[in-house]
Number of protein chains: 2
Amino acid sequence: MELLATTLSFAGEHRRYRHRSAVLGCDMEFAVYLPPQVLAPGAAPAPVLYWLSGLTCNDQNFMQKAGAHRRAAELGMAIVCPDTSPRGLDLPGEDDSYDFGSGAGFYLNAHREPWAAHYHMYDYVVTELPGLLEAEGLVSHRRAISGHSMGGHGALVCALKNPGRYASVSAFAPICHPSACPWGEKAFRGYLGDDVEAWAEWDATLLVPAAIERLPLLIDQGLADNFLEEQLHPKALLSACQKADHPIELRMQSGYDHSYFFIASFIDEHLDHHGEALGL
Amino acid sequence: MELLATTLSFAGEHRRYRHRSAVLGCDMEFAVYLPPQVLAPGAAPAPVLYWLSGLTCNDQNFMQKAGAHRRAAELGMAIVCPDTSPRGLDLPGEDDSYDFGSGAGFYLNAHREPWAAHYHMYDYVVTELPGLLEAEGLVSHRRAISGHSMGGHGALVCALKNPGRYASVSAFAPICHPSACPWGEKAFRGYLGDDVEAWAEWDATLLVPAAIERLPLLIDQGLADNFLEEQLHPKALLSACQKADHPIELRMQSGYDHSYFFIASFIDEHLDHHGEALGL
């Protein structure tokens, strides 16, 4: 793990690292926010929120635009922002679309060539990166997860597939039912192939009926979001939760769009939600 | 004034506009944050903070990265972010440097060709843009001013040269004595010519002795700022204030650098300072 930069922020540290990812087969960069409480000598590592970003993003968008450091510093919560896809692989077509390939890893494990050897963002964000950070003592084993858009899909799927791994989960404007929207269909067909049944294990709406842990899903969705009708389908997820009696708090926020201004407006409430679950 | 976009943020509106600037002779874009209090029908326009950004920035950096909307919404304060230079003029050499020409207007009125016909950012931010916004009823006549780096220089100069115009002034890591640092010397020689005496009216440290209004200068400066020693010279300004008995609160912040993480860490305190002066 190579430390690229450390910047003081709200008396905590925003750090960027580079490391070699075994599951992705490439060098990856990520960002960590460490609250002031853990900078004291001998302090224990902090409970941590993993934030998964959306299409075209990298590890920096959330750190720079969400305004999350202030409340995280108050709570004593670490935040980890992974990148959104493998980088620098030069696979054919990798950089041709904003919604497939680089910047659009979709937090799944690809089966289809040429992606199968590298595009394992699910294993990376659920297992490899937390394992590395916990072994280094940078963050604790008490984990929460959240994300935006493609990253909201990722957060919901990671939580639903891993009972006991996360204390809490939330999402902003998540792609709730990717099997049934253009972004998700393109990604799933490309990474997973044409067998639609194989898509179900990466679709929050289809995972809810079999979820064995009743972790409440906190979701904020702007009603002025241009992607709401075609891509996001929160009502499909709501309906699946109601049928399965799975706890969900879906808040439709009048006037808000898909931008980081929307995320910033409600991030403190999400941090408080995770802080409470993490015992902060 | 053409409205380019409106985005809800903390129940207020972040708006971007384009207009034809008479003093600059080009189209300009700027951003306004309107707090929720002024969105009600018949509400009076809000007191306003003018924020001047630094080298290479435009109207968006502060709005996206400073985390200022939350506290501005609570206070009922509008924020206006102008761009940092004229745009789209295609003057020879305009885009050759990060610290001169486009993105580096230095908030002065240029005398030297080819800049003299357009580079009047001082008149633009002090007179033309506020006049437009006040005439439109978008913001009130109660004004405060702040900025970062080159924009911190701009804020100090605008306040010192215009007694009675601003209720308060503050700056983050301002270029305090531009006549005596590489950034300032390059800009002043290019825009104003070789007569060093003509530079004094655009240099906060040199304006303080003759200031007829004793508006306190609130300045935050990070001690880990890479530009501190060579470019910023806060001690020269402090010394000038002490000699002239001009009120200044210069806070040297241990560990902070020149980035927006530094600004975000202390922006609430600056907004509270301006809010108090504006009667909010």
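Accessible areas come from the Shrake-Rupley method with a 1.4 Å probe. In this predicted model, chain A exposes about 10100 Å², and carbon and sulfur atoms supply 49% of that area. Of the 280 residues of chain A, 62% count as buried, where buried means under 20% relative accessible area.

Chain A contains 9 helices and 9 strands. The radius of gyration of chain A is 17 Å, close to the 19 Å that the globule rule gives for 280 residues, so chain A is as compact as a globular protein of that length. Taken along the principal axes, the box filled by the C-alpha atoms of chain A is roughly 55 × 40 × 35 Å. Contacts in chain A were also sorted by separation in sequence: among those between residues at least 6 apart, 72% join residues at least 24 apart.

The charged side chains of chain A comprise 19 positive and 35 negative ones. The centres of the two sets lie 3 Å apart.

The relation between the chains was examined next. Two copies of a chain are related by a rotation about an axis and a shift along it. Here, chain B is superposed on chain A by a rotation of 180° with 0.0 Å of shift along the axis, and the RMSD is 0.0 Å. That is the relation of a two-fold axis. The same surface serves both copies, as 100% of the contact residues of chain B recur in chain A.

Note on methods:
Residues are numbered from 1 along each chain as its sequence is written. Chains are lettered from A and ligands numbered from 1 in the order in which they are written. This is a predicted model: local features need pLDDT of at least 70, side-chain atom pairs count only at pLDDT 80 or more; totals for chains, interfaces and linings use all residues. Side-chain values use heavy atoms; hydrogens and water are left out. Copies are superposed by least squares on the C-alpha atoms of residues with pLDDT of at least 70 in both. Contact means heavy atoms within 4.5 Å. Helices (H or I, at least four residues) and strands (E, at least two) are DSSP runs, numbered from the N terminus. The radius of gyration is taken over C-alpha atoms; the globule rule is 2.2 Å times the number of residues to the power 0.38. Buried means under 20% relative accessible area, exposed over 50%, partly exposed in between (1.4 Å probe, protein chains only). Lys and Arg count as positive and Asp and Glu as negative; His and the chain ends are not counted. The place of a charge is taken as NZ of Lys, CZ of Arg, CG of Asp or CD of Glu.
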